[in-house]
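Here are a few friendly notes to read alongside the model.

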Amino acid sequence: MREFLLALRLCYRAAVGNAPHRCVAALSVGWLLALSVTAGAAGCASTEYVNEGPGQPTPRASGSLPPGSVGVCKQPLTKRPPIVSEELWAHAKPCTSRTPPSTIRLGYAKDGSAGADPETEQLVEKVLAALAEGTKPDGGNNQVTGAIRAVRSYAARKDELRARIARDSTSDQACDVTYLLNTMSAARGKLSGGDACTAEVFDPETRADACLFDTKRPEGLWLSSGWSCMTFTGALGNEASCHQLCGYDDYCARQVYCAAGDVNLLLCALGVCLPEPSAGIK
């Protein structure tokens with residue numbers, strides 16, 4: 001008992017940032033006996049504060065891509081894809097050799113000497129027209145699969161698209177793209193609470209996440225309704241599995257394996273090229 005009465009609290013002095021001064025209780029009777037006289041004489045010293053400076057800005061505050069966000073860039077000498085937001089296109093930085101491979105490349109119809117690419121322009125118009133009809137249960141799938149065939153033929157002659165042609169594209173059985181995307185669109189709307197945006201990317205100018213697609217263009221939103229499942233960007237959230245986006249419909253889920261590669265190809269032909277390897281369930 002006498003040892004505890006003699007013991008005083010052990011105080012220390014340290015250089016810290018903004019932490020308040022602290023007194024640490026002695027941990028053993030032996031330490032208390034050995035240091036009681038010194039501690040009693042010195043008492044608790046004042047805390048020293050060191051100016052540590054403002055530190056480094058967060059990636060989002062500095063305008064660089066934050067962890068977990070999807071980046072975009074625009075291909076030099078290309079036009080804005082009709083399905084891409086005008087504001088995002090204006091804010092996107094040009095793609096360079098140092099752009100990370102995980103970045104989504106935007107742009108279509110590379111400018112030639114005449115400042116236009118008529119073949120690509122016509123193809124994009126044909127695909128958008130088919131997608132506008134694609135939601136219709138009666139005949140919509142024929143419109144979409146016709147557009148897919150046209151894009152495959154075009155892509156076979158283009159170096160930047162040839163590798164994206166699905167390996168099983170010669171299959172005799174056509175994918176039920178209309179059923180797949182109609183089902184996914186309904187489920188995605190529920191999962192996102194009705195938010196029209198189907199994919200968010202990082203806008204380097206506003207330094208915030210923004211919608212990649214122009215929400216006034218339903219063709220792009222419908223085509224990208226299965227974005228998270230079919231392209232693995234995680235834009236809709238980690239909770240959105242293929243089965244969730246298919247409304248737990250096994251037939252719809254089987255169509256993912258059939259159509260994912262073609263959806264990837266269509267998006268790139270429209271000027272939204274996902275990172276490679278990207279689409280398709282593996």
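1. Of the 282 residues in the protein, 44% are buried (under 20% relative accessible area, with a 1.4 Å probe and protein chains only). Please keep in mind that this is a predicted model, where local features need pLDDT of at least 70, side-chain atom pairs count only at pLDDT 80 or more, and totals for chains, interfaces and linings use all residues. Residues are numbered from 1 along each chain as its sequence is written, and side-chain values use heavy atoms, leaving out hydrogens and water.

2. The secondary structure consists of 12 helices and 10 strands (DSSP runs, H or I of at least four residues for helices and E of at least two for strands, numbered from the N terminus).

3. The largest nonpolar core holds 55 residues, and Ile104 and Leu212 touch the most other members. Such a core is a set of buried Ala, Val, Leu, Ile, Met, Phe, Trp, Tyr and Cys residues joined through side-chain atoms within 4.5 Å. Among the elements that give two or more residues are strand S7 (104-106), helix H5 (118-134) and helix H6 (140-155). H12 gives the most, with 11 residues.

4. Now for the helix pair. The axes of H5 and H6 come within 7 Å and cross at roughly 160 degrees (lines fitted to C-alpha atoms over the stretch in contact, with angles from 0 to 180 degrees between N-to-C directions). That makes H5 roughly antiparallel to H6 (an angle over 145 degrees).

5. Where H5 meets H6, the residues from H5 include Leu123, Val127 and Ala130, and those from H6 include Val144, Ala147 and Val151.

Notes
Buried means under 20% relative accessible area, exposed over 50%, partly exposed in between (1.4 Å probe, protein chains only). Angles under 35 degrees count as roughly parallel, over 145 as roughly antiparallel, 65 to 115 as roughly perpendicular and the rest as oblique. Contact means heavy atoms within 4.5 Å.
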